[in-house]
Amino acid sequence: MLLKSHAERILPNGSRKLHYNLRIMPRFFSNLLRALRERRGTDMSFMCRHLLSERGEASQTALAQEIITAYTAMNEKQRLEFFDMLSHDFAPDEAAIVRAAANYKNAPGPSTLATLYAAVESPRQELFRRINTAPHGTETLVGLREHVLNANSGSFAALDLDLKHLFRSWFNRGFLRLERISWHTSALILEKLISYESVHEINGWGDLHRRLEADRRCFAFFHPALVEEPIIFVEVALSKGLTGDLEPLLGIQTPVLRPETADAAIFYSINNCLRGLRGVPFGNFLIKQVVTELAAELPNIKIYGTLSPLPNFSQALQDRKNEEGFTHHRLSRLLAGHARNLVAAGGRRDPVEALFRLLEQPLAHREVLAQPLELLALAYLTQARQNGKLYDPVATFHLSNGARLERINTFGNLRPYGLHASFGVTVNYRYLPDELEENHERFVRGEIEVADALVSEYKTVAQAWQVSAGTRIPFSTRAKKTVANPR
């Protein structure tokens, strides 16, 4: 069949060359795929191995598309079986790794290093690269990783790491395109923004329209392989000064501010859209790029900061079993200066028990709770840990990007979800362009940069926290602002 599909072509120099009749190629691929299906049905192991053995680019793409089609049709049970097969049948050869490592140890050089590198990389990674050549390949693989994460199985950890490794290359900053989202952006993308907003729910088109007015900005990263699919987006409010109150930023009836009169840009919502890209860093690039865009458009903006939630504050306060968190002894020390007021208002002899009774109705006891909550929130943001890491993921994100902990606002978010997650507390982080790199380096060394207004409370919190653990906290001497944060 292949010989009959050849035709002679006369080259400019008079020689002859055989080439495939392109009209025959689709028939060839359909015959190939039919043969595969007839031989093994939709055996994914067979098709994946065949894809790795293929050398022709066109046949690779056709077979990759067949694998994508088969995967898309799978139910949950079939997907788990597929993941198990990928985890075991396409893992690296341990014996080959040991041999390659020994050869490199005995004769280190480019050749033995290349052999070791090839042995360590799992066949899964090359399989995923080839699947990615088909239309919707990237989209399928991102969805596949989401399914792996949803399975929540430790046995798929290596499979997850392979996908994450590839995505860090495929979705690096050089491939991402920054776009400003406006009311004139396609309805498809606007609908996705409503769907993906996870920090402050968008309640319909009227709410979204207010978030895209003249005194608001929304920017998103897009990837060329995912058409009209935002990867991550940030919402920004232009304002006069830094605010700790969420309602003026989200209220539909809030008057629109003329952009040229604003002096602050407040990042109030950052959303990663695709769970399959979790752990792939975008946010730090996005914020820095948006700051650059805003500085060019609005030179009157002098303050760049956030109005951020404390998503796990309530959970952390009540997590008594976490030895790195709010133990009863730590809470007692932190609340010592407010014990009398708490006991009187809460009707309990123990100030810790009185606190939790008052927190059952925080709005009804705002005056009594305001100062204790500020102190506890500061401890939560800078001291509380879980598995050795800061308890709060939002704090980790902003502080690791070089932001400064600027201000804690009690009862800054009175919406039901804000009261439930953090008893209404919000926090401002501030980005000072000249200090970002330095603050980032300090955070890596275990130091957190705080504003002058928080230094005294921060020392009080850190000492109470560490004394209760039987250790003494060392303080940084830098301008009395940066306090060491022992790990």
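**Reading the helices**

Guide: Helix α8 (residues 137–151) has 15 residues, and from its first C-alpha to its last it reaches 21 Å, close to the 21 Å expected at 1.5 Å a residue. The expected span of a helix is 1.5 Å times one less than its number of residues. This is a predicted model, in which local features need pLDDT of at least 70 and side-chain atom pairs count only at pLDDT 80 or more, while totals for chains, interfaces and linings use all residues. Residues are numbered from 1 along each chain as its sequence is written, and side-chain values use heavy atoms, with hydrogens and water left out.

Visitor: How many helices and strands does the protein have?

Guide: Helices (H or I, at least four residues) and strands (E, at least two) are DSSP runs, numbered from the N terminus. Here the secondary structure comes to 22 helices and 14 strands.

Visitor: Which residues of α8 are buried, and what covers them?

Guide: Buried means under 20% relative accessible area, exposed over 50%, and partly exposed in between (1.4 Å probe, protein chains only). In α8 the buried residues are G137, T138, T140, L141, V142, G143, L144, R145, V148 and L149. Their cover includes α3, α4, α7 (123–131) and α9 (157–170). After α8 comes N152, whose phi is positive, near 50°. In the protein, buried residues make up 49% of the 487 residues.

Visitor: Where does α18 bend?

Guide: The bend at a residue is the angle between axes fitted to the seven residues ending there and the seven starting there. For α18 the bend is about 30°, at P372. The 17 residues of this helix (residues 366–382) should span 24 Å at 1.5 Å a residue, and the end C-alpha atoms are 23 Å apart, which agrees. P372 is also among the buried residues of α18, as are L373, L376, A377 and Y380.

**Reading the core**

Visitor: What is a nonpolar core, and which of its members touch the most others?

Guide: In soluble globular proteins, nonpolar side chains tend to be buried together. A nonpolar core is a set of buried Ala, Val, Leu, Ile, Met, Phe, Trp, Tyr and Cys residues joined through side-chain atoms within 4.5 Å. The largest one here has 118 residues, of which F82, F171, F313 and F326 touch the most other members. Its largest share, 9 residues, comes from α18. A second, separate core of 10 residues includes A237, L249, A264 and Y268.

Visitor: What is F313 in contact with?

Guide: Contact means heavy atoms within 4.5 Å. Leaving aside neighbours within four places in sequence, F313 is in contact with L373, L376, A377, Y380, A421, S422, F423 and V425. Across the protein, residues 24 or more positions apart account for 70% of the contacts with a separation of 6 or more.

**Reading the aromatic rings**

Visitor: How many aromatic pairs does a search of the whole structure find?

Guide: Rings of Phe, Tyr and Trp (its six-membered ring) pair if their centres lie within 6.5 Å; planes under 30 degrees apart count as stacked, over 60 as edge-to-face and the rest as tilted. The search finds 12 aromatic pairs. One of them, Y71 with F82, is tilted, at 5.7 Å centre to centre and 50° between the planes. This pair links distant parts of the chain, 11 residues apart: Y71 is in helix α3 (residues 57–72) and F82 in helix α4 (residues 76–89). Y71 counts as buried because its relative accessibility is 6%, and F82 counts as buried at 5%. F326 and W465 form an edge-to-face pair, 5.2 Å centre to centre with 85° between the planes. These two are 139 residues apart, with F326 in the loop between α14 (313–317) and α15 (328–334) and W465 in helix α22 (residues 455–468). F326 and W465 are both buried.

Visitor: Which residues form an aromatic cluster with Y71?

Guide: Y71, F82, F83 and F156 form one aromatic cluster.

**Reading single residues**

Visitor: Is F175 buried, exposed or partly exposed?

Guide: F175 is partly exposed, because its relative accessible area is 45%. F175 lies in the loop between α9 and β3 (177–180). Not counting residues up to four places away in sequence, F175 touches S169, W170, F222, H223 and P224.

Visitor: Is Q125 buried or exposed?

Guide: Q125, in helix α7, counts as buried at 7% relative accessibility. Beyond residues up to four places away in sequence, Q125 touches D162, H165 and L166.
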